[in-house]
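Please read it alongside the sequence and the coordinates.

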Amino acid sequence: MIEASVAHNMTGEVLARAELHPERAALILGHEGGGEERVSFAQLCERAGEIQRALVARGWRAGDRAVVMMPVGADLYALVLALASAGMIAVLIDPGMGPARVLWAARHSGARALFSVKALTRFRAVVPTLRRLEVFTADGPGGVCGALGARRGGGPPELASVEP
């Protein structure tokens, strides 16, 4: 069995790139209607830091789990980076796998919250396990940061480790 620490997950590489090349594109996201969104390493780490600080302020600790059912976008990557860098666990669930598999994954996740978009919270009606979770929707003002009550631009962009 491999023992992993926060220092040895994907976040170390992202943070190293952010220090070396903060202005370079970390994400290039295509949009259905055409065009693309570019998110620099500095922007990604700043957004992830805001999310992480908001989670810690809400009492989240290393080892806490979150069900994540969000479309691909900058908020998804920032949330996963925030969780992973703090030793928290993102349980990524694709709603396209159908209600039975969503139910199984949610039931076995051990999560304390659900991060989703409003349209996908409909699964809460058919997945009783999701009803007990705190829900944060990413498609409101400010995205995930807004849902958590985080201040945009409210602090340094670096991410910190969270003790278990």
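The model is predicted, so local features need pLDDT of at least 70 and side-chain atom pairs count only at pLDDT 80 or more, whereas totals for chains, interfaces and linings use all residues. Residues are numbered from 1 along each chain as its sequence is written, and side-chain values use heavy atoms, with hydrogens and water left out.

## Overall architecture

Helices (H or I, at least four residues) and strands (E, at least two) are DSSP runs numbered from the N terminus. The chain has 7 helices and 6 strands, and their order along the sequence is α-β-β-α-β-α-β-α-β-α-α-β-α. Of the 164 residues in the chain, 42% are buried. A contact means heavy atoms within 4.5 Å. Among the contacts in the chain with a separation of 6 or more, 64% join residues 24 or more positions apart.

## Helix packing

Axes are lines fitted to C-alpha atoms, for helices over the stretch in contact, and angles run from 0 to 180 degrees between N-to-C directions. Angles under 35 degrees count as roughly parallel, over 145 as roughly antiparallel, 65 to 115 as roughly perpendicular and the rest as oblique. A crossing is left-handed if the near helix is turned anticlockwise from the far one by less than a right angle, and right-handed if clockwise. For class counts, Ala, Val, Leu, Ile, Met, Phe, Trp, Tyr, Cys and Pro are nonpolar, Asp, Glu, Lys and Arg are charged, and the others, Gly among them, are polar.

The axes of α1 (residues 10-20) and α2 come within 9 Å and cross at roughly 125°, so α1 is oblique to α2. The crossing of these helices is left-handed. On the α1 side the contact involves Val14, Leu15, Arg17 and Ala18, which meet Phe41, Leu44 and Cys45 of α2. By class, this contact has 6 nonpolar, no polar and 1 charged residues.

Helix α2 also packs on α3 (residues 74-85), at an angle of about 55° and with the axes 8 Å apart. That angle makes α2 oblique to α3, and the crossing is right-handed. The residues in contact include Leu44, Cys45, Ala48 and Ile51 of α2 and Tyr77, Ala78, Leu81 and Ala82 of α3. The contact of α2 with α3 has 12 nonpolar, 2 polar and 2 charged residues.

## Salt bridges

A salt bridge is a side-chain nitrogen of Lys or Arg within 4 Å of a carboxyl oxygen of Asp or Glu. The structure holds 5 salt bridges, including those tabulated here.

| Pair | Closest N and O atoms |
|---|---|
| Arg38 and Glu36 | 3.1 Å |
| Glu134 and Arg58 | 3.0 Å |
| Arg112 and Asp64 | 2.9 Å |

Glu134 forms a salt bridge with Arg58. Because Glu134 lies in strand β6 (residues 134-137) and Arg58 in the loop between α2 (41-57) and β3 (65-69), the pair ties together parts that are 76 residues apart in sequence. Glu134 is partly exposed at 34% relative accessibility, and Arg58 is partly exposed at 35%.

The salt bridge between Arg112 and Asp64 links distant parts of the chain, 48 residues apart: Arg112 is in the loop between α4 (99-107) and β5 (113-116), and Asp64 is in the loop between α2 and β3. Arg112 is partly exposed, with a relative accessible area of 31%. Leaving aside neighbours within four places in sequence, Asp64 is in contact with Gly59, Met88, Ile89 and Arg112. The C-alpha atoms of Asp64 and Ala86 are separated by 9.5 Å, and these residues are 22 apart along the chain.

In the pair of Arg38 with Glu36, Arg38 counts as exposed at 52% relative accessibility.

## A buried strand residue

Ala113 is found in strand β5. At 0% relative accessibility, Ala113 counts as buried. Beyond neighbours within four places in sequence, Ala113 is in contact with Trp60, Arg65, Ala66, Val67, Leu133, Glu134 and Phe136.

Conventions
Buried < 20%, exposed > 50% of the residue type's maximum accessible area, 1.4 Å probe, protein only.
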